[in-house]
Amino acid sequence: MRSNEVVIVGAGHAGAQLAQALRQQHFVGTITVIGEEVDLPYERPPLSKDYLAGDKLFDRLFLRPARFWTERGVDFQLGDRVVAVDPLRHVVTTEGGREQPYGTLVWAAGGAARRLNCPGGDLAGIHTIRTRTDVDQLRAELPAVQRVVVIGGGFIGLEAAAVLRKAGKQVTLLEAQDRVLARVAGEALSSFYAQEHRAQGVDIRSGVTVTDLSGRAGRVTAVNLADGSSLPADLVIVGIGIVPAVAPLLAAGAVGGNGVDVDAQCRTSLPDVHAIGDCAAQASAYAAGAKVRIESVQNAMDQAVIVARHLTGGAVGVPGVPTFWSNQYDLRLQTVGLSIGHDQAVVRGDPAQRSFSVVYLRDGQVIALDCVNAMRDFVQGKALVATGARVAAEHLANATIPLKDLISDTGPAASGESG
Ligand SMILES: Cc1cc2nc3c(=O)[nH]c(=O)nc-3n(C[C@H](O)[C@H](O)[C@H](O)COP(=O)(O)OP(=O)(O)OC[C@H]3O[C@@H](n4cnc5c(N)ncnc54)[C@H](O)[C@@H]3O)c2cc1C
């Protein structure tokens with residue numbers, strides 16, 4: 001077996017971090033990274049933030065300069081995508097027809113932005129935000145448009161709405177569920193963000209269903225809703241999640257569905273094939289052992305390090321506490337842990353002051369925090385989540401008590417008296 005030939009599919013956050021971590025772990029074999037995009041690995045989060053706003057040039061987004069990769073002997077094959085995996089022969093085939101043998105294959109292909117599948121969903125003027133190309137195309141159209149409809153009230157939709165509102169566009173944001181951020185946060189955070197966006201002039205409509213989009217001469221002109229209303233639109237942004245890019249792996253027999261399933265060492269069910277980042281579904285201690293696909297830079301980096309250690313015989317790694325951030329207007333949200341499945345949410349501080357946190361608990365244990373302009377809570381709250389601390393709700397709600405002082409709290413929750 002050619003164990004000294006590592007092939008990484010996907011030149012994003014996870015793929016880049018793996019290549020770097022392998023060299024840091026003194027891996028001396030070959031590292032080949034095959035990437036569909038033509039650019040060397042770059043930061044994706046600014047695509048819906050400063051890069052969309054035009055506040056950052058693309059050159060500033062590269063994770064590492066080209067020289068860094070050359071010096072470490074990392075071979076990038078960009079602008080080509082892997083379409084087939086042959087686990088018996090240990091070979092991947094690219095769209096360009098090239099065969100690349102591997103000793104170890106690491107699938108780090110992320111996902112593609114989910115597109116609308118309703119009538120009119122493929123008209124010109126409808127954009128997603130996943131790649132540099134997506135944003136360059138979107139930005140090229142911006143000067144000529146005024147009315148923008150954003151479909152999807154998740155982080156990407158909200159960040160895009162904030163940028164476009166600041167750019168003076170008329171923005172309507174549509175969310176199918178009854179509140180924005182419904183999939184990732186509790187009610188308190190959702191209503192805070194909805195209020196902030198409304199105060200900035202974004203027309204947020206929740207609980208609506210898009211039926212189809214109208215167009216003229218092939219370009220979108222309106223978004224039509226199930227309630228019979230029609231929203232004029234010069235440009236539409238669709239932020240409705242991703243489809244994990246795992247088709248070739250599943251076709252080769254890997255177990256998966258929503259992503260590809262991996263074990264604690266990020267191994268798939270195929271021999272010598274690992275998967276990391278947005279495309280990997282892994283049991284998480286931070287989701288009560290449930291299998292989750294975490295879409296965050298932190299997760300991509302942590303899983304990359306786990307695989308690098310595994311491949312170089314280093315210490316077994318475990319993913320760190322999940323973290324994420326989102327910038328909208330002058331609000332910096334930092335989240336730690338996963339709030340899915342919480343049965344209690346405690347607001348700490350005053351949302352009206354635009355600096356507060358929401359602490360999520362399950363069965364009396366702290367499982368996550370959403371911290372808005374509250375860096376100290378974020379930093380100190382990490383330890384509460386990491387240790388699954390049992391803290392009384394009234395103590396958490398008291399913003400004058402630093403969270404670090406609550407780590408060994410023995411409030412009522414600790415004795416099971418409150419929940
Ligand atoms: C607009 C936006 C904003 C975000 N903001 C934040 C944020 O604020 N904080 C945060 O933590 N996370 C954020 N994220 C999420 C974060 O960027 C992702 O979790 C992270 O990029 C995942 O890294 P990855 O390497 O798994 O996937 P990606 O970065 O998506 O990289 C995968 C790469 O693989 C390529 N690829 C796919 N299929 C193939 C194939 N068959 N062959 C070859 N190459 C292939 C893709 O083209 C892509 O370049 C954001 C994401 C987006 C899109």
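Analyst: At 56% relative accessibility, Asp363 counts as exposed. The term exposed requires a relative accessible area over 50%, buried requires one under 20%, and partly exposed covers the values in between, with a 1.4 Å probe and protein chains only. The model is predicted, so that local features need pLDDT of at least 70 and side-chain atom pairs count only at pLDDT 80 or more, whereas totals for chains, interfaces and linings use all residues. Residues are numbered from 1 along each chain as its sequence is written, and side-chain values use heavy atoms, with hydrogens and water left out.

User: Where does Asp363 lie, and what is its phi?

Analyst: Most residues other than glycine have a negative phi. Asp363 has a positive phi near 50° and is not a glycine. Asp363 is located in the loop that joins strand 26 (355–362) to strand 27 (365–372). Helices are DSSP runs of H or I with at least four residues, strands are runs of E with at least two, and both are numbered from the N terminus.

User: What is the phi of Ala217, and is Ala217 buried or exposed?

Analyst: Ala217, which is also not a glycine, has a positive phi near 50°. Ala217 is exposed, at a relative accessible area of 85%, and its loop runs between strand 13 (210–216) and strand 14 (219–225).

User: How should I read the pairing of strands, for instance that of strand 4 and strand 5?

Analyst: Two strands are said to pair if DSSP finds at least two bridges between them. Strand 4 (residues 82–86) and strand 5 (residues 91–94) are antiparallel and share 4 bridges; Val82 stands opposite Thr94 of strand 5. These two strands make a hairpin with 4 residues between them, and His90 in the turn has a positive phi of about 55°. Strand 5 also pairs with strand 6 (residues 99–101), again antiparallel, over 3 bridges. There, Thr93 has Glu99 as its bridge partner. The hairpin of strand 5 and strand 6 has 4 residues between the strands, and Gly97 takes a positive phi near 90° in it.

User: In what order do the strands of the open sheet run, and which are its edge strands?

Analyst: The order is 18-19-21-22, with mixed pairing among the 4 strands. Strand 18 (256–257) and strand 22 (291–292) are the edge strands, each pairing on one side only. Strand 18 is joined to strand 19 (residues 259–262) by 2 bridges in the antiparallel sense, and Gly256 faces Val260 there.

User: Which residues of helix 4 are buried, and why are they on the same side?

Analyst: In helix 4 (residues 132–141), the buried residues are Asp134, Val135 and Leu138. They are on the same side of helix 4 because they cover an arc of only 90° around the axis, where the arc is that of the directions from the helix axis to the C-beta atoms. These buried residues pack against helix 2 (50–53), strand 9 (126–128) and strand 16 (235–238); contact means heavy atoms within 4.5 Å.

User: Is Gln77 buried or exposed, and which residues does it touch?

Analyst: Gln77 is buried, with a relative accessible area of 18%, and belongs to strand 3 (residues 74–78). Leaving aside residues up to four places away in sequence, Gln77 touches Thr32, Val33, Ile34, Gly35, Arg98 and Gln100. The side chain of Gln77 also makes a polar contact of 3.2 Å with the side chain of Asp75. A polar contact is a pair of N or O atoms within 3.5 Å; within protein, one must be able to donate a hydrogen and the other to accept it, and residues adjacent in sequence count only if both atoms are side-chain atoms.

User: Which residues come nearest to the ligand?

Analyst: Of the 32 residues around the ligand, Glu37, Arg44, Lys49, Arg130 and Asp278 come nearest. An N or O atom in the side chain of Lys49 is 2.7 Å from an oxygen atom of the ligand, and a polar backbone atom of His13 is 3.2 Å from a ligand oxygen atom. A nitrogen atom of the ligand lies 2.9 Å from a backbone N or O atom of Val82. The protein covers 96% of the 990 Å² of accessible area that the ligand has on its own, by the Shrake-Rupley method with a 1.4 Å probe; for residues, only the protein chains shown count as cover.

Key
A residue is near a molecule or strand if one of its heavy atoms lies within 4 Å of it.
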